[in-house]
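Hi there,

Here is the structure I promised to pass on to you. My notes on it follow below, and I hope they are handy when you open the file.

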Amino acid sequence: MVELPKLDPALHVALLGAAEEAINRALHYSPQTLSSLAELEGQSVQAIVTEPPFVVTIVLGETPELRAVYEDKPNASIEGTLREYLAAAAAEDPAVALINGNLKIRGDSRLMQNLQGVLSQLDIDWEAPIAAVVGDVAGHQIGKALRGLFAWGKHSRSSLERQLSEFILEEARLSPSKLELEDFYRDIRKLQQSIDRAEAKAKRILRQRAN
Amino acid sequence: MSEQGKTHFGYQEVDVDEKAGLVAGVFHSVASRYDLMNDLMSGGIHRLWKRFTIELSGIRKGHSVLDIAGGTGDLAGKFADIVGPEGRVVLADINESMLNVGRDKLLDKGKVNPLSYAQADAQYLPFADNSFDCVTIAFGLRNVTDKDLALRSMLRVLKPGGRLLVLEFSKPTNDLLSKAYDAYSFNVLPKLGQMIAGDSNSYQYLAESIRMHPDQETLKEMMLNAGFEQCEFFNMTGGIVALHRGLKPW
């Protein structure tokens, strides 16, 4: 079944086209991320925003595509309101935020974990695009300054977030820790494997009975 | 067709045999500036309409696609990238000038495989039955003399389960938009045509032919009558353009 765009299709594809262009330009300057994304070629993640209604499917690969219409079943999907997406995106560890938040995730959780890993390595080489415009010498200096600025921003943000998350995790115990979550994931995987084995066994017994 | 032996050429009523020649004249005249004019006339939005068409085509690697009235090759070029060398994309146009411009443009972009070209009439497509996974016609159907005949011909060359996509100007869904659009089409458009392509009459025809084209529901009905199923349409930019889609039954 086609997931119909809720906006005027022309506006919908305009937004996605612009975002796709911006993403691919940025990725062009992060070769490590590009090669990691290439390994996920053809897999898809659908983001369903319920309020305001908006659907986008990201088809992964070296050049990710953003689609308004995607007729196959996506490998994974995320569903929630725009506010819930923004809350997850602003979190220090989006993976933890996804579990604790109200976003609903369906499908292949391993793909989501892989994707999260790829995006956390995103490291844009600012020097290359700037040098293309102003030349190598100035490009190197400006690139260096930008790298420093971003690193400082990242550091000060992460330091503040670390203190806040320590309070949430250790003092207030409002949210499970990473280790607890990993244990939880492991238990789920074990349970999934046991269910698969039991299902296979049950099918075998039923087949034997039928014969 | 309005009455036996007669059809529309814009607002004029002409003999059926005459229409193809008159339309050919229009497109011979505008072929070299066609892309520029499309960008100017639509403010570049025609690219978005086409992008949505490609998304809705459901085309994948290895598929075969026929792009009728493919003109300057916008859709065919994109389809070629998607289907890859193991697929097949035929760019067809009844008009030699448009086909030449399209072929040159695609060759200049280095696109060779899997493209091929055919000067063909949409009413009598020179392809075997059940040949294509997808047939598209973008801004072409309104120029065809006998649209029902053309739709049946498209159905014939599609594989069972294959889809037809018709992208065409249609009827705006909002009265205010409709009035603004009329004013633009009949006052601005021919002047733009005169300035850019040196031909106001062709663009006057363009505006008129859009008004004479069947509206969304009528075209959907025509597709159903031709034998397509699961027909639906998507209004874009307030209904100025509509994308119709229908499937060939299994």
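First, a term: two strands pair if DSSP finds at least two bridges between them. Helices (H or I, at least four residues) and strands (E, at least two) are DSSP runs, numbered from the N terminus. This is a predicted model, in which local features need pLDDT of at least 70 and side-chain atom pairs count only at pLDDT 80 or more, while totals for chains, interfaces and linings use all residues. Residues are numbered from 1 along each chain as its sequence is written, and chains are lettered from A and ligands numbered from 1 in the order in which they are written.

Let me start with chain A. Strand S1 (residues 44-50) and strand S4 (residues 76-80) of chain A run parallel and are joined by five bridges. Within that pairing, A:Gln46 has A:Ser77 of S4(A) as its bridge partner. Both strands belong to an open sheet of five strands with mixed pairing, in the order S3-S2-S1-S4-S5 (chain A). Strand S3 (65-67) and strand S5 (104-107) of chain A are at the edges with a single partner strand each, so one side of each has no neighbour in the sheet.

Now chain B. Which residues of S3(B) point one way, and which the other? B:Ser64, B:Leu66 and B:Ile68 face one way and B:Val65 and B:Asp67 the other, and all are buried (20 or more other C-beta atoms within 10 Å of a residue's own, with C-beta atoms placed from the backbone). With five of its five residues buried, strand S3 (residues 64-68) of chain B is largely enclosed by the rest of the structure. S3(B) pairs in the parallel sense with strand S4 (residues 88-93) of chain B over four bridges, and B:Asp67 has B:Leu91 as its bridge partner there.

Helix H7 (residues 175-196) of chain B may also interest you. H7(B) has a kink of about 35 degrees at B:Val188, shortly before the proline B:Pro190; the bend is the angle between axes fitted to the seven residues ending at a residue and the seven starting there. The buried residues of H7(B) are B:Tyr181, B:Ser185, B:Leu189 and B:Gly193. Just after the helix, B:Gly198 has a positive phi of about 65 degrees.

Finally, the contact between the chains takes 11 residues from chain B and 10 residues from chain A (C-beta atoms, placed from the backbone, within 7 Å). On the side of chain B that touches chain A, H3(B) gives the largest share, seven residues.

Best wishes

Definitions and conventions: Buried ≥ 20, exposed ≤ 12 C-beta atoms within 10 Å, placed from the backbone. Contact = placed C-beta atoms within 7 Å.
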